[in-house]
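Welcome, and thanks for opening the viewer. Let's walk through this model together, one selection at a time.

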Amino acid sequence: MELRRYFQGWIGYFHYGLRKTQLQYLDKWIRRRIRACYWKQWYRVRTRVRMLLKLGVHRDEAISHGCSGRGYWVMSSSAAMHVAISIDYLKKKGLANLEEIWSKFASKKRTAGCGPACPVV
């Protein structure tokens, strides 16, 4: 996905003010937003059912979710979408993990300090 470069730039700019819990929340929100985009892309009911079945959702659940009239954001948090568009699926597609990118910057930030071996003045 093309988001990796954007995430790296964003983390590089804001890495001093971010905490790990904030990044976990943002990761969760980004994955949900991507699932909503997939749901919106599968516009027709037939397409939704077919894609859910193709991605490993049980038949009854795929039909009930595919025929649902609920909005994109609501359906992006459904169990069927979590099975179909799992974290592993998104990693295979190339979605970057914000926490991993942040840890690269955080480790560089920590090496500049003196640490516990510094003499006390």
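Which residues does Leu-18 touch, not counting residues up to four places away in sequence? Select Leu-18 and you will find Trp-10, Ile-11, Leu-23 and Trp-102 in contact with it, where contact means heavy atoms within 4.5 Å.

A quick note before moving on. This is a predicted model, in which local features need pLDDT of at least 70 and side-chain atom pairs count only at pLDDT 80 or more, while totals for chains, interfaces and linings use all residues. Residues are numbered from 1 along each chain as its sequence is written, and side-chain values use heavy atoms, with hydrogens and water left out.

**Stop 1: around Leu-18.** Leu-18 lies in the loop between α1 and α2. Leu-18 counts as buried because its relative accessibility is 14%; buried means under 20% relative accessible area, exposed over 50%, and partly exposed in between (1.4 Å probe, protein chains only). Now draw a distance from Leu-18 to Trp-102: their C-alpha atoms are separated by 8.6 Å, though the two are 84 residues apart along the chain.

**Stop 2: the whole chain.** Zoom out and colour by secondary structure. The chain has eight helices and zero strands, where helices (H or I, at least four residues) and strands (E, at least two) are DSSP runs, numbered from the N terminus. Of the 121 residues in the chain, 31% are buried. Among contacts with a separation of 6 or more, 72% are between residues 24 or more positions apart.

**Stop 3: the core.** Next, select Phe-7, Ile-11, Tyr-38, Trp-42, Leu-52, Met-81 and Ile-85, the residues with the most contacts inside the largest nonpolar core, which has 24 residues. Such a core is a set of buried Ala, Val, Leu, Ile, Met, Phe, Trp, Tyr and Cys residues joined through side-chain atoms within 4.5 Å. At least two residues of this core come from each of α1 (3–14), α2 (20–41), α3, α6 (79–84) and α8 (98–111). The most come from α2, which gives five. Now centre on Ile-85: leaving aside neighbours within four places in sequence, Ile-85 is in contact with Arg-35, Tyr-38, Trp-42, Leu-55 and Leu-90.

**Stop 4: α3 against α4.** Show helix α3 (residues 45–54) with helix α4 (residues 59–66). Their axes come within 8 Å and cross at roughly 150°; axes are lines fitted to C-alpha atoms, for helices over the stretch in contact, and angles run from 0 to 180 degrees between N-to-C directions. The pair is therefore roughly antiparallel, the term for angles over 145 degrees. On the α3 side, pick Val-45, Arg-48, Val-49, Leu-52 and Leu-53, which meet Arg-59, Ala-62, Ile-63, His-65 and Gly-66 in α4.

Stop 5: Move to the loop between α7 (87–93) and α8, where Leu-95 sits. Leu-95 is buried, with a relative accessible area of 11%. Then step into helix α8 for Glu-99. Leaving aside neighbours within four places in sequence, Glu-99 is in contact with Lys-20, Leu-23, Gln-24 and Asp-27.

Notes
Parallel < 35°, antiparallel > 145°, perpendicular 65-115°, else oblique.
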